[in-house]
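Dear colleague,

Please find below the structure that I am handing over to you.

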Amino acid sequence: MPPNFDQRQPVSYAARWAALKNVPAFIRMVWRASPGLTTIMIALRLVRAIMPVTMLWIGKLIIDEVVRLIGLDNSPGSLTDWWQSGLAGYLSLLVIAELGLALGSDLLGRGVNYTNALLQERLVISLSIRVMDHAADLDLEDFEDATFQDKLDRARRITVGNIPLLTQMMALLQDLVTVASFAAGLVIFNPWLVVLLLIALIPAFLGETHFNALTYAMNYRRTAERREMDYLRMVGASAESAKEVKIFALNGFLRDRFADLSQRFYAENRGILRRQLLWMALLTGFGTLSYYGAYLWIIGATLSGVLSIGDLTFLSGSFLRLRGLLEGVLSGFSGMASQALRLDDLFDYFNELPEIASPADPLPVPDPIRQGFTFENVGFRYPNAERWAVRNLSFTLRAGETLALVGENGAGKTTLVKLLARLYDPDEGRILLDGRDLRDYDLDQLRAAMGVIFQDFVRYAMSAADNIAVGRIEARGDLPRIEAAAQQSGADQVISKLPAGYEQMVGKQFARGVDLSGGEWQKLAIARAYMRHAQVLILDEPTAALDARSEFEVFQHFKELSTGKTAVLISHRFSSVRMADRILVLADGRVEAEGTHAELLAAPGRYRDLFELQAAGYR
Ligand SMILES: Nc1ncnc2c1ncn2[C@@H]1O[C@H](COP(=O)(O)OP(=O)(O)OP(=O)(O)O)[C@@H](O)[C@H]1O
């Protein structure tokens, strides 16, 4: 196994910021996950946002009132005297209000955390469901594309665990409102204070952004080296490589290579850090100067009586908090940009649209099918494949017949079945059902009319009953029907040996699961086909792991149960194939010969050769 280190391609600084474009769509997703919780969350955050300025303002009123009371002639001495004099009524109200706000702020904080946790859960659930639903709509072809698989994998990973962007976005909203409320407070006293504040912050902010961009660009430029360093670190100290590193005494080599790379990195990084140190010292110094300029004005105005002592505390408090808040807002945007970048994967995935779908005005699938399916010069190539999997394929699958497909590995048998079930559409030619193109029919009805069991059927880590019920999931609660299907495929014998019978959990993924042999799994899978009243039954070699007797029995059952139905079976065993009404011999994606077993054996050709080869093995 290759050492596991982050292989994601990084993006440029500009692209990172551009990812903020995803935020509106993200907000819609949050809203859709839970309109109620989103509203409560925003309301709580908004109330919380204006609390700091309100508390500071009441603090100012308290100080002004205290100063006024102290200045009174004959002011009472102790707190009790004050209380009895009735002079401190307004002050008491203010203090109670301040206390109430402090308690309320705590409570609100907890409310925000609670709502946030619930909303996170709702969002993860709703996104996971959307990812699953969307996967069900997409074409099989998409799943065979490596780029798409990466996309799907990353989209799925986003929906596991918390989504930090949600919390970041809400916290940023709250901080922005708090900033606005403090700034409004400053404007009331003197609009120039806001200007001074901006002068104090903007140069430092620009400087910080510039150096962040430089560091980011350096990391971006050195991606290859950084990944090599990660790789060396992994190989140098991991369980997978420990054996070889010891045997070949590679430690010194790996360490020197790592040290060499990191030294170059270090030198460049130090250069940036030095310049940052100088510039930032200057710019923040400038900021501090204008901050104290504002402070000077505030003190001056207080001394000259324009401002009260309460105003002084309010303004200096506001100034101090605004500085911290604005820095937080700026880094909040930057954090949001990185998180929003991860959403690209999710949106890319959601933007992928299926090509195989029902037409606008679909035909109903005929019941019963009268003529059957006709392949007319069908050609199909898998995505990104050079070779045609099938080409110039022409034949008819007649309604009511049992057709066997034979051919060597890679001849195109499974591909033919996938085309028949419209898991893919042909690239050339067409497939007709009762004279009309397969693409004109309702896709859901078409799939419902077919029971296909593939050679690589899924082994569900669920109960034995559910493993059969997946063939017709609506009938999951219908045990007699499940039992009948099991009996028809021979799965009933497997299930009777399980400790918990039909309720037995199979597969080893979960505790209490009992694993089955390949042949036993196949019997469960084949029962799925009998769960549906399909007009067309297809068994694509799901019997490979069955012993000869079981396969014979399975196919005999299949033949009996498919009387009057259209059936296709794929097998490499001639004992099974010969039961079919007609046999198609495929080679290189085309029909090479067709006929009954007897007809095909009578003439020289691939069928006879293969048959004799197999027969020789048993002699
Ligand atoms: N998902 C895929 N992507 C690319 N090529 C594929 C894919 N599946 C099959 N092929 C190719 O298409 C050709 C036909 O494959 P197909 O699976 O239809 O053969 P088959 O006759 O069913 O073979 P087998 O007897 O081994 O099951 C082969 O050359 C195969 O390599």
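Two strands pair if DSSP finds at least two bridges between them; strands (E, at least two residues) and helices (H or I, at least four residues) are DSSP runs, numbered from the N terminus. The model is predicted: local features need pLDDT of at least 70, side-chain atom pairs count only at pLDDT 80 or more, and totals for chains, interfaces and linings use all residues. Residue numbers start from 1 along each chain as its sequence is written.

Strand 6 (residues 450–453) pairs with strand 7 (residues 536–540) in the parallel sense, over four bridges. Within strand 7, Leu-537 is the bridge partner of Gly-451.

As for the helices, axes are lines fitted to C-alpha atoms over the stretch in contact, and angles run from 0 to 180 degrees between N-to-C directions. Helix 10 (residues 191–221) packs against helix 14 (residues 309–351) at an angle of about 30°, the axes being 11 Å apart. Leu-197, Leu-201 and Phe-205 of helix 10 meet Phe-319, Leu-322, Arg-323, Leu-326 and Leu-330 of helix 14; residues are in contact if their C-beta atoms, placed from the backbone, lie within 7 Å. Seven of these residues are nonpolar, none is polar and one is charged (Ala, Val, Leu, Ile, Met, Phe, Trp, Tyr, Cys and Pro count as nonpolar, Asp, Glu, Lys and Arg as charged, and the others, Gly among them, as polar).

Helix 9 (residues 164–189) and helix 14 cross at roughly 150°, and their axes come within 8 Å. The contact of helix 9 with helix 14 comprises 17 nonpolar, eight polar and three charged residues.

With kind regards

Note on methods. Contact = placed C-beta atoms within 7 Å.
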